[in-house]
Amino acid sequence: MPKKSFPQSPFIKSAIRTIEIENRATSLLADRIDSTFVTACQMMLDTKGRVIVTGMGKSGHIGNKIAATFASTGTPSYFVHPAEASHGDIGMITGDDIVLALSNSGNTAEITTLLPVLKRKGIKLITLTGNKSSQLALAADANIDASVNEEACPLGLAPTSSTTVTLILGDALAMALLEARGFTRDDFAMSHPGGSLGRRLLVKVKDVMHSGTEIPSVRLDSSLSAALAVMSEKGFGMTTVVDENSDLVGVFTDGDLRRTIDAGKNIQQLKISEIILPSYKSISENVLAAEAVKLMEESNIYVLIVKNKAGEVVGLVKMHDLLKAKVV
């Protein structure tokens with residue numbers, strides 16, 4: 001039977017058309033990454049101050065995001081509203097700073113008004129414009145082409161493709177600078193201490209582990225009954241098992257207990273040495289807590305032995321601890 005066809009929703013048609021137009025616009029960007037882009041990156045890398053991003057209207061919203069991306073990836077940056085700049089906020093910009101101005105037309109009055117002051121202060125100017133013959137493009141020390149053939153707006157009025165292109169070029173600049181600076185995961189975490197990303201990248205196993213007298217431990221020659229008493233007291237659902245030299249030889253868990261009972265063994269008469277298995281999972285105290293989560297998930301366990309560099313047992317970490325620390 002032939003498949004029935006239904007008329008496509010005008011919403012879907014509009015959405016697909018928008019995506020296709022913006023996709024065409026962004027597909028042309030790679031060819032624009034040339035010596036001018038290199039110059040812009042080098043200027044920002046060499047500046048002793050900050051990258052001051054400015055833009056009016058929709059370009060201003062994009063500029064706020066670009067400045068935030070710079071700041072969180074190793075390039076000190078903030079956004080200055082051009083209209084406010086002409087009424088005093090330009091004093092926030094020093095001679096050591098560099099300005100990144102965003103304007104599709106390249107002739108935005110609120111920004112061009114600032115040009116004489118920027119030039120007098122000797123402040124370098126990078127622009128992202130849609131018109132290479134515009135005032136801003138011609139005044140720039142480096143102008144990056146952010147032009148588009150058409151906006152996704154069917155009226156050709158609302159900035160759509162142009163703002164997408166500007167955002168992508170801003171991200172390209174930020175990522176190029178990130179790599180040039182050798183910006184690391186630890187650096188990223190330091191600028192995101194309050195978020196889940198920061199917690200995943202900053203919190204180490206030693207920060208959340210249980211140590212000292214909290215660690216359940218029994219000797220290898222202990223009875224199973226004694227081991228169960230320790231497990232109940234400490235509340236980890238397991239205990240470490242050590243030899244006469246206090247070296248770890250294995251662990252005993254509540255899962256091992258269930259398997260022992262299922263095997264029909266008399267738990268009142270058994271010693272730990274008769275039923276313990278030497279295999280166990282451990283992790284270094286200095287690795288990220290997120291790695292402990294990964295190991296637990298892969299091994300289908302909820303408690304890990306924690307060791308120091310010398311291979312000595314220094315703690316235990318539970319999945320509950322990682323959930324509580326919001327690492328998961």
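**Exercise 1. State which residues line the largest cavity, and sort them by class.**

Step 1. Ile52, Thr54, Val80, Ala85, Ile93, Val99, Leu114 and Leu118 line the largest cavity. This is a predicted model in which local features need pLDDT of at least 70, side-chain atom pairs count only at pLDDT 80 or more, and totals for chains, interfaces and linings use all residues. Residues are numbered from 1 along each chain as its sequence is written, and side-chain values use heavy atoms, with hydrogens and water left out.

Step 2. On a 1 Å grid over the protein atoms alone, a cavity is a set of points where a 1.4 Å probe fits but cannot get out, a pocket is an open set with protein on both sides within 12 Å along at least five of seven lines, and lining residues have an atom within 4 Å of a point.

Step 3. The lining divides into seven nonpolar residues, one polar and no charged. Ala, Val, Leu, Ile, Met, Phe, Trp, Tyr, Cys and Pro count as nonpolar, Asp, Glu, Lys and Arg as charged, and the others, Gly among them, as polar.

Step 4. The volume of the largest cavity is about 40 Å³. A volume is the space filled by probe spheres set on the points, which are joined across faces, edges and corners.

**Exercise 2. Describe the largest nonpolar core and the contacts of Leu100.**

Step 1. A nonpolar core is a set of buried (under 20% relative accessible area, 1.4 Å probe, protein chains only) Ala, Val, Leu, Ile, Met, Phe, Trp, Tyr and Cys residues joined through side-chain atoms within 4.5 Å.

Step 2. The largest such core has 27 residues, and those with the most contacts inside it are Met44, Val53, Phe70, Leu100, Ile126 and Leu173.

Step 3. Leu100 touches (heavy atoms within 4.5 Å) Val51, Ile52, Val53, Thr54, Ile66, Phe70, Ile126, Leu128 and Leu173, not counting residues up to four places away in sequence.

Step 4. A second, separate core has 19 residues, including Val208, Ile283, Ala289 and Ala325.

Terms used:
Buried < 20%, exposed > 50% of the residue type's maximum accessible area, 1.4 Å probe, protein only.
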